Amino acid sequence: MWDCLWIAPRLWTGGPRLELIDDAALACQGGRITYAGPANALPDAPSRLAREVRRHAHGLLTPGLIDCHTHLVFAGNRADEYQQRLSGVSYAEIAARGGGIAGSVRLTRAAGSDELYAQAAARARQLIADGVTTLEIKSGYGLDLESERKMLKVARRLGRSLGVTVRTSYLALHTVPVDAVDRASYVRAAVDEWLPQLAAEGLVDAVDAYHEGIAFSADEVATLFRAAAALKLPVRLHADQLSDQQGAALAAAHGALSADHLEYTDAAGCAAMARAGTVAVLLPAAYLMLKETRKPPVAQMREAGVAMAVATDVNPGTSPLLSLRTAMSLAVSLFDLQVEEALLGTTLHAAKALGLQETHGALTPGKRADFVCWEADSPAELVYWLGGTMAREVVAGGNIIHSRPEHH
């Protein structure tokens, strides 16, 4: 007998086209999907097939959303800096006063694990309420061994306590902390000492870096990525956000799961990503908040056959966004994605960006039972509506992790 069977008017399995199954049924057992299809094709009466039957007279079932790029674990916020920037103070001036990433590092180092968890969990619950069932979470606001470990442990705890899938990324090459003795020794410690220790403790699922003129060079990134390969850890890269540093091509050369941001990526970078199977992760909220004018080359990526994902980039400085649906809307309005691309970008393609495409991102038998019942008639509505609360039930691993009463 199945654990639970959902009956709903419509279901989108997450396939490449937005084809819907009407009068649909979705069953799960042991946290996995066992059936997704028409209710009239079930082999027996629902009550005989499952221990629990949940019927929704209205609504749409879709795969749970996957936020594949976040900096969710941090202490405090930078709302004051946001106001300063609006009044004309430059990011460089703020950084010179000890703000920017350095400010977040200071607050995150000072916060205890429970405090850090409480702040991150509050943000995670907002993402979950908006349909997210899988989260990627980066370190990178610790920038010393103990603080990076603390961040990654909090990320693991979030996954256990909230019932969502969490994939961690080690991002010690985010910036050089102000208290580092020198740049070379910092990079050496982050690559040769901290990464192997944290990986041995089971805290690292992937390795990330910020490659930019103001951040880390191609040689420094390559050193990190070789260390990751030796530990059999996949890599990702913040690439070509502020300038064309050939970051997309660098990521592809190392077989990266994803290259993220990509506003300045050129045609060669798009072709390299396509050949390597590297996913392009688009982060429109950061583009919006930074008032950028150079858009990622979406048309070139589309033509080259690069899979495109969309994520919130939740962080305290440049992307204080707590809605993946809003990120989809922004990707469509700012970056010219089609609705279908935005939806695939937060389901199947986002799963691929995390190396989870075999188990997540679609409603097909054998995959993890992560799905959402929405107050909507079509998947396009998830992108069309700006804001609001549309998720009626959010299910992860077959367990309801968020619900709200139906309106009558």
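Mentor: Let us go through some of the terms one by one, remembering that this is a predicted model.

Trainee: Happy to start. Why is Thr 134 called buried?

Mentor: Buried means under 20% relative accessible area. Thr 134 has a relative accessible area of 0%, so Thr 134 is buried. This residue is found in strand S7.

Trainee: Which residues is Thr 134 in contact with, leaving aside its neighbours within four places in sequence?

Mentor: Among them are Leu 65, Ile 66 and Asp 67, and also Thr 165, Leu 354 and His 360. What counts here is having heavy atoms within 4.5 Å.

Trainee: And what makes Ser 161 partly exposed?

Mentor: The relative accessible area of Ser 161 is 42%. Buried would need a value under 20% and exposed a value over 50%. The 42% lies in between, so Ser 161 is partly exposed. You will find Ser 161 in helix H6.

Trainee: Since you mention H6, how do you know how H6 and helix H4 are oriented to each other?

Mentor: Look at the axes of H4 (residues 101–110) and H6 (residues 145–162): they come within 10 Å and cross at roughly 75 degrees. Angles of 65 to 115 degrees count as roughly perpendicular. H4 and H6 are therefore roughly perpendicular to each other. The residues making this contact are Thr 108, Arg 109 and Ala 110 on the H4 side, and Ser 147, Lys 150 and Met 151 on the H6 side.

Trainee: How do the residues of that contact divide by type?

Mentor: Two are nonpolar, two are polar and two are charged.

Trainee: What does H6 lie across?

Mentor: H6 lies across S7 and S8, and runs at about 170 degrees to S8. Helix H7 (residues 183–200) lies across S8 and S9, at about 155 degrees to S8.

Trainee: How do you know that S7 and S8 are paired?

Mentor: Pairing asks for at least two bridges between the strands. Strand S7 (residues 132–138) and strand S8 (residues 165–173) have five bridges, in the parallel sense. For instance, Leu 135 stands opposite Val 166 in S8.

Trainee: Why are S6 and S9 said to stand at the edges?

Mentor: The open sheet has four strands in the order S6-S7-S8-S9, with parallel pairing. Strand S6 (65–67) and strand S9 (206–209) each have a single partner strand, so one side of each has no neighbour in the sheet. From one strand to the next, the twist averages 25 degrees.

Trainee: Which other strands form an open sheet?

Mentor: There are four strands in the order S10-S11-S12-S13, with parallel pairing. S10 and strand S13 (308–310) are at the edges, because each has a single partner strand. S10 and strand S11 (residues 258–261) pair over four bridges, and Ala 239 stands opposite His 261 in S11. Between these two strands the chain passes through helix H9 (residues 247–253), and this β-α-β crossover is right-handed.

Trainee: Which way do the residues of S10 point?

Mentor: Arg 236 and His 238 point one way, Leu 237 and Ala 239 the other way, and all are buried.

Trainee: One more: what makes strand S1 mostly covered?

Mentor: Of the ten residues in S1 (residues 2–11), eight are buried.

Notes:
Residues are numbered from 1 along each chain as its sequence is written. This is a predicted model: local features need pLDDT of at least 70, side-chain atom pairs count only at pLDDT 80 or more; totals for chains, interfaces and linings use all residues. Side-chain values use heavy atoms; hydrogens and water are left out. Axes are lines fitted to C-alpha atoms, for helices over the stretch in contact, and angles run from 0 to 180 degrees between N-to-C directions. Angles under 35 degrees count as roughly parallel, over 145 as roughly antiparallel, 65 to 115 as roughly perpendicular and the rest as oblique. Ala, Val, Leu, Ile, Met, Phe, Trp, Tyr, Cys and Pro count as nonpolar, Asp, Glu, Lys and Arg as charged, and the others, Gly among them, as polar. Buried means under 20% relative accessible area, exposed over 50%, partly exposed in between (1.4 Å probe, protein chains only). A crossover is right-handed if, with the strands pointing away from the viewer, the path from the first strand over the helix to the second runs clockwise.
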